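Reader: Could you walk me through how to read a few features of this fold? I'd like the general idea before each case.

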Amino acid sequence: MKLEPVFFVKENKLYKIDENSPFDTNQLHKIEILWSKVELEDGIYNEEFLASLREQLKSLEVQKKFAILVPVIDKPLENFEQIESFTNTCNHTARRVKDCISVAGFEIPSRITDYHDFIEVLSKKHAQYVYFSHNNQINDSSIVVY
């Protein structure tokens, strides 16, 4: 099931498509997702946790509320393989919640220096997501800096 985007980004600001007006990011629920909770071992994912996350997101959907998924890096992230594992874990998470309209997108963790690769991997099958960052040094108008 491919979802249509609910939001778009213009000049680092979030807009709701159906209203064509700015959307206050303070209205977004931030759901932290520990990497270690999702990826138990290399390539082994906690499907029970992801099912619970999906239920939480479906509950927000019923309330017509939206969320940002905030991946938390709580394992070593020092080499290419670990970065790839982290990105794949986020992509697997996106796959498990792909039908949840309440997901506005993902926050890009500050420790991810190649955010273009992170976005590219997730966007292949999840083009509806918007990407968020607290890093006001990002010079990319397609990312919401909040």
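**Caps, helices and a sheet**

Author: Let's start at a helix end: N79 caps the N-terminal end of α3, with a side-chain oxygen 3.1 Å from the backbone nitrogen of E81. A polar contact is a pair of N or O atoms within 3.5 Å; within protein, one must be able to donate a hydrogen and the other to accept it, and residues adjacent in sequence count only if both atoms are side-chain atoms. Helices (H or I, at least four residues) and strands (E, at least two) are DSSP runs, numbered from the N terminus. This is a predicted model: local features need pLDDT of at least 70, side-chain atom pairs count only at pLDDT 80 or more, and totals for chains, interfaces and linings use all residues. Residues are numbered from 1 along each chain as its sequence is written, and side-chain values use heavy atoms, leaving out hydrogens and water.

Reader: Which residues are buried in helix α4?

Author: Buried means under 20% relative accessible area, exposed over 50%, partly exposed in between (1.4 Å probe, protein chains only). In α4 (residues 115-123), that gives Y115, F118, I119, V121 and L122. They cover an arc of only 165 degrees around the axis, so they sit on the same side of α4; the arc is that of the directions from the helix axis to the C-beta atoms.

Reader: What covers the buried residues of α4?

Author: Contact means heavy atoms within 4.5 Å. The cover includes α3 (80-96), β8 (103-107), β9 (130-133) and β10 (143-145).

Reader: And what is the strand order in the open sheet of three strands?

Author: Two strands pair if DSSP finds at least two bridges between them. Here the order is β1-β2-β3, with antiparallel pairing. β1 (7-10) and β3 (21-22) are at the edges with a single partner strand each, so one side of each has no neighbour in the sheet.
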